[in-house]
Amino acid sequence: MIGRSTLGAIRRRLGRYRSDAISAFSPPGAVDTDLAPGHPMLKSLAATRAYNGARSAEAGKSIRDANRVLNFHIALDLVAKLPAGDYAELGTYRGLTASIIWPRMAQGSTLYCFDTFEGFDERDLADDRLAQPMERAAFRDTSLEIVRKQISNGKDEGLAFRVGFFPETFAGLEDSRFRLVHIDMDLADPITAALETFWPRMVDGGIILVHDYRSKRYPMAAEAVDSFFAARGIVAWPLNDRLGTAMIMRQPGMPG
C-alpha cells in the first residue's frame with residue numbers, strides 16, 4: 001500500500017513534469033491558466049481556446065491571453081444579476097472582445113459598439129508618443145461587415161453600432177444606464193471622454209473595464225484611468241491579463 005506522503009510526492013513530481021512540458025512547448029513568456037477540479041470557470045476554457053486561436057490568427061503570431069476571457073466572464077456573470085442596464089464597448093476594432101460580451105448579455109439588453117471602424121481619428125492623435133506613422137495608422141484593417149460577422153455571425157439582435165468620433169456618437173443615449181462598459185481606446189483623450197460619459201451612468205454594481213492598463217505601447221491608458229479616478233478618491237483594480245485591464249465597480253455613494 002502506498003502511503004499518503006508517497007502519493008503526495010508522486011503527484012508533486014508529476015505536476016513538475018507537466019509544468020516543465022508546458023514550458024518546453026509554449027512560446028517564450030506564455031502562462032497557462034490552471035483551474036482546480038470543480039472551479040466554476042472551467043466551463044469558460046473552451047472560450048479561452050477560441051479567443052487565443054482567433055487572436056493569434058488576427059495578429060499573425062501566437063498570442064495566449066486566457067485570463068482576459070476569464071476576467072470578462074467573471075465580470076459578465078456579476079453584472080448579469082443586476083436589475084437593469086445596457087452594455088457598451090468603445091474601441092471595438094474587429095469585434096473579437098465584443099464577441100465575448102454579446103452572447104453573455106442579460107436578456108433584453110443592448111450592446112452598443114462605438115468605433116470609427118477606420119482607426120484612430122486625427123483629433124485624438126495630439127500625443128507626440130504616437131509620432132511613428134505605423135502607430136498613427138493602427139486599427140484601420142476593419143469594417144462593419146467584419147465586426148458584425150465576428151460578433152454575431154451577421155445577426156443584429158441586441159447590437160447597435162455607433163460609427164464615428166466619440167463622444168459625438170453618444171448622442172441620444174444621455175438617459176441610458178449601463179451595467180458593463182469595456183473601454184479599449186488606447187489614448188488618453190478618448191479614454192477620459194469615455195469615463196466622463198459612462199461613469200455617471202453606471203448602475204450600482206456596474207463594472208467598467210479599461211484595457212491596456214499595463215501596456216508599454218499605450219501608457220496613456222493608465223494615465224487617463226488613474227487621473228480620472230484619483231480625482232474621485234477611487235482606486236482602479238488591475239487585472240492580470242496580457243496587457244493589463246483596470247476594473248472599477250460602481251458602488252452606492254461613489255462620486256460621479
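## Sorting the residues

Ala, Val, Leu, Ile, Met, Phe, Trp, Tyr, Cys and Pro count here as nonpolar, Asp, Glu, Lys and Arg as charged, and the others, Gly among them, as polar. With that scheme in hand, the lining of the largest pocket comes to 18 nonpolar, eleven polar and 15 charged residues.

The structure is a predicted model, in which local features need pLDDT of at least 70 and side-chain atom pairs count only at pLDDT 80 or more, while totals for chains, interfaces and linings use all residues. Residues are numbered from 1 along each chain as its sequence is written, and side-chain values use heavy atoms, with hydrogens and water left out.

## The largest pocket

Which helix gives the largest share of the lining? That is α2, with four residues. Both α2 (45–59) and β2 (111–115) supply at least two lining residues. These labels follow DSSP runs numbered from the N terminus: helices are H or I with at least four residues, strands are E with at least two.

## Backbone points to look at

Take a look at Asp186 again: its phi is near 75°, a positive value in a residue other than glycine. Asp186 sits in the loop between β4 and α7 (188–198). Is Asp186 buried or exposed? At 4% relative accessibility, Asp186 is buried (under 20% relative accessible area; exposed is over 50% and partly exposed in between, with a 1.4 Å probe and protein chains only).

Asn153 also has a positive phi, near 55°, and lies in the loop between α6 (144–152) and β3. Asn153 is exposed, at 62% relative accessible area. In the loop between β3 (159–163) and β4 (178–183) you will find Pro167, joined to Phe166 by a cis peptide bond with omega of about 15°.

## Phe72 and its contacts

Phe72 belongs to helix α3 (residues 66–79) and is buried, with a relative accessible area of 3%. Leaving out residues up to four places away in sequence, Phe72 touches Thr97, Ile100, Ile101, His182 and Leu209, where contact means heavy atoms within 4.5 Å. Phe72 and Leu209 are 137 residues apart in sequence, yet their C-alpha atoms are 8.7 Å apart in space.
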